[in-house]
Structures are given as structure tokens and as C-alpha cells.
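Subject: Structure for you to look at

Hello,

Here is the structure I said I would pass on. Please open it first, then read the notes below with it in view.

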Amino acid sequence: MPPRILLFRVTPLENDSLFKKAYSRIDPYRQKRADRYAKDEDKRLALGAGLLLSYLRKKEGIEAPLVYNEHGKAYFEGNPLYFNLSHSGCYVALAYDSMDLGVDIEAHRVIEEAIFPKVFTSAEQAFLQEKEGEEKKNAFFRLWTEKESYLKAVGVGLSKPLASVDFSSFADQEHFIYKGEDATLSFSVLPAPRGYSLCLAAVNGATPIVQELTLDDVLPTTMKVNENTYRILSFLGKGKGGHSFLAERNGKKVVVKCIHHDPCDYYTFGDKLESERRDYARLMGAGIPMPALIEVDQKKERIVKEFIEGQDIQKDIQEGKDVSNARAQLESWLPRLYAEGLNIDYYPTNFVFSEGSLYYIDYECNEYHEEWDFEHWGKATWGKGE
């Protein structure tokens, strides 16, 4: 099998709703990578890399965790599939194969000749000085991607200087073998989107297959729960236990909640899916108005529940709306909750006031402790409520 390269243009993630949806679909490590960036364009590239990894996992049925070597190169633990990521401009590239490889994509930008001695050998500098204008820029980025893909393939990244390898003798070759001190690798200088350069260095000498993916490929607009398919309308948010999406099936809006396993330093769940079912049953027994639990997918760790129209109480409070009626209904629940030895999460984001009735839209409940009941904790978060 030849090596494969997946390309994805991240510009659709400029849409805030799609950005949030993408963020919710990637693994926690990639989320933290995105969080570290200050610029939105860098955050989008980090999300794009996460989406391509999720796509690859699904395509190849990989569940193994990622591990990293001392230079930060990632592998799937115990899995024979190798992969490598690169991003620049508005494109992300992911290369994968059954043998090791490195990929680099670079967006063309203004080149600064002052850096030539730092990144190019004397022979490469002489080659570049023979060029002018666009031809010089193309040659610069071709050499750059060849160097980066080599260093990434051998697993050292930029811990080794770019000027330590020389590709001046391969200037006119699209496919060639390079024998370096670290490895002998096959190189492919590949067609790339306009204004970009793309290169693969691989143990496998076969010509790579390049495929550009769409948003629908990497961020599906549907989600399955058991045998039912739901169309995802928007991302609602991330809570302690899961990511929630507004979805639709047969013309009816619902909420699909996907359990996540991110650590939480102030709350312990145990089995999160079982907690959802148990808490729902306990609160139903106490007569607390909630969205109906429609179905549970044990294998995928997803639940579907009724969607209650309306914005949450926290937004009402922020907008200066009168929430006294809603709070009065909540206070009428308290004798039932306390009689059952329960507290709920009284924070206003967990409640929706719809058509004159208050609903607790989260299923979370806990054993009663006075310090966490409505009077001692929740009441303050509701403001005056009058």
C-alpha cells in the first residue's frame, strides 16, 4: 500500500458554531494544544489536526492512545500504523503508512534572505541565489519542506538544525532517494494547493496518494445513537460529564449528549453513563420536571433526551429579566428533594423556563449536604430573583 496524505482546509472553522463543534470532537490533548494558541488562525489549525486524527482513528478502527518520543513525535501505542502531521496557512496535512514517514506543508510567504545561512547549506544557498522572484520562492519552500519532512521522519524534529541536511543535488527531481546519516528515505515533492509546498519523506518508496477532505468528511453532520441517526444542528456546550449537541430526527429536536472522560478536579462521577440513568430515575421519582430520557447507547456512551425550548436561566439573569416565577417553582421542589435526601446542581445554567414551567435540564443529583443545598449555595447564584 502506498503512503497516504490527507489534506484539510480549516477556513470553515472561522464559523463560531463549527469551531465549537470541532473543539468538542477532538481529544483532550488536542483541545489543550488549541487552548495554548493566542491567534484564532493557529487555534483552527490545531483543531484541524485533531479532526484529521479523529478521522484516521475512525477509518482504521484505532482506539490505542497516543504516545510521544523524546522529541514530541506521536505514535499510536502498540499499533503498527505510523502517522505524521503538519500545518501551515489554512491547511493541515496528515500522512500515514505502515512504515515511518514525515510530512511538511508550508504556505508561501515573503522570504527573508537573512535566515539563509541558518537553514541552508552553502550549496543550497548558491542554488537559491541563482533564482529570482517567484522561482526563488518556490525553490525556497521546496527545500524547506524537504528538510522538515526528513527531520520529522527520523523523529528528531527541529532539535536538529535544518542546515544539517543538503538537498541541492535533487533540485529537478520530484521523486528521489536521500541517504542521510540518520536514515535512507524516499522523497516525494507533491502537487499542493496554490501558494503551498508539500513534501513527504518515507521509508515506503511508493508514490503517495493525496486526498483533500471536506468539512463533511472530518466533521460529520449526523451522529448515530444505537441504530438511530440524528442530524446535528449545533453544539450546545461542554459540561463536567459530556458534550451536548442540539440534533433532529424525524422533524423533532432533541439533545444528544456524548459522555467524555476528561478529568474534573472538583467532582467524581464513577460510571458517568450509569450516573445519568440513575440520577434521572431518582429525580423522576421525586417529581422533578425534566426533559424525558429517550434512549441510551451503552457502547458509544451517548444519551438522547427531550429538547426543552428556551434559554437557560443564567442568560435571563444576565439580561436583567425577572426570574422570580422560575425561582419560586424551584423552591417548591426543595421539600421533595430534601425528603429524598438529594441536592441538584442549582446553578442557573441548568434550568430552562419554558411556557410558564421550570425544567431542570441536567440530570445530575447528589446526596444531600446542607452546605450545598439551595439556601446555602444555590440561592446566591440566582441573584435577587425578584
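**Helix packing**

Helices α2 and α3 cross in a right-handed sense. The model is a predicted one, so please keep that in mind as you read. In this model, α2 covers residues 28-36 and α3 covers residues 40-60. Their axes lie 8 Å apart, at an angle of about 165°. An angle over 145 degrees counts as roughly antiparallel, so α2 is roughly antiparallel to α3.

Which residues make the contact? From α2 they are Arg30, Arg33, Ala34 and Asp35. From α3 they are Lys43, Ala46, Leu47, Ala49, Gly50 and Leu53. Sorted by type, the residues of this contact are 5 nonpolar, 1 polar and 4 charged.

Helix α3 also meets helix α1, which runs over residues 16-25. Here the axes come within 9 Å and cross at roughly 50°. α1 and α3 are therefore oblique to each other. The crossing of α1 with α3 is left-handed. On the α1 side, the residues are Phe19, Ala22, Tyr23 and Arg25. On the α3 side, they are Lys43, Arg44, Leu47, Leu51 and Ser54. This contact divides into 5 nonpolar, 1 polar and 3 charged residues.

Lys43 and Leu47 of α3 are listed in the contact with α2, and Lys43 and Leu47 are also listed in the contact with α1.

**Serine 88**

Is serine 88 buried or exposed? Its relative accessible area is 9%. Buried means under 20%, so serine 88 counts as buried. Serine 88 belongs to strand β4, residues 82-88.

The side chain of serine 88 reaches the backbone nitrogen of alanine 107, at 2.9 Å. Leaving aside residues up to four places away in sequence, serine 88 touches Leu45, Ile105, Glu106, Ala107, Arg109 and Tyr196.

Helix α11 spans residues 374-381. What is found at its start? There, a side-chain oxygen of aspartate 373 reaches to within 3.2 Å of the backbone nitrogen of glutamate 375. Just after α11 comes glycine 383, with a positive phi of about 70°.

Regards

Methods:
Residues numbered from 1 in each chain as written. Predicted model: local features only at pLDDT ≥ 70, side-chain atom pairs only at ≥ 80, totals over all residues. Heavy atoms only, no water. Helix = DSSP H or I, 4+ residues; strand = E, 2+ residues; numbered from the N terminus. Buried < 20%, exposed > 50% of the residue type's maximum accessible area, 1.4 Å probe, protein only. Polar contact = N/O pair within 3.5 Å; in protein donor to acceptor, adjacent residues only side chain to side chain. Contact = heavy atoms within 4.5 Å. Axes fitted to C-alpha atoms, helices over the stretch in contact; angles between N-to-C directions. Parallel < 35°, antiparallel > 145°, perpendicular 65-115°, else oblique. Left-handed = near helix turned anticlockwise from the far one by under 90°. Nonpolar A, V, L, I, M, F, W, Y, C, P; charged D, E, K, R; others polar.
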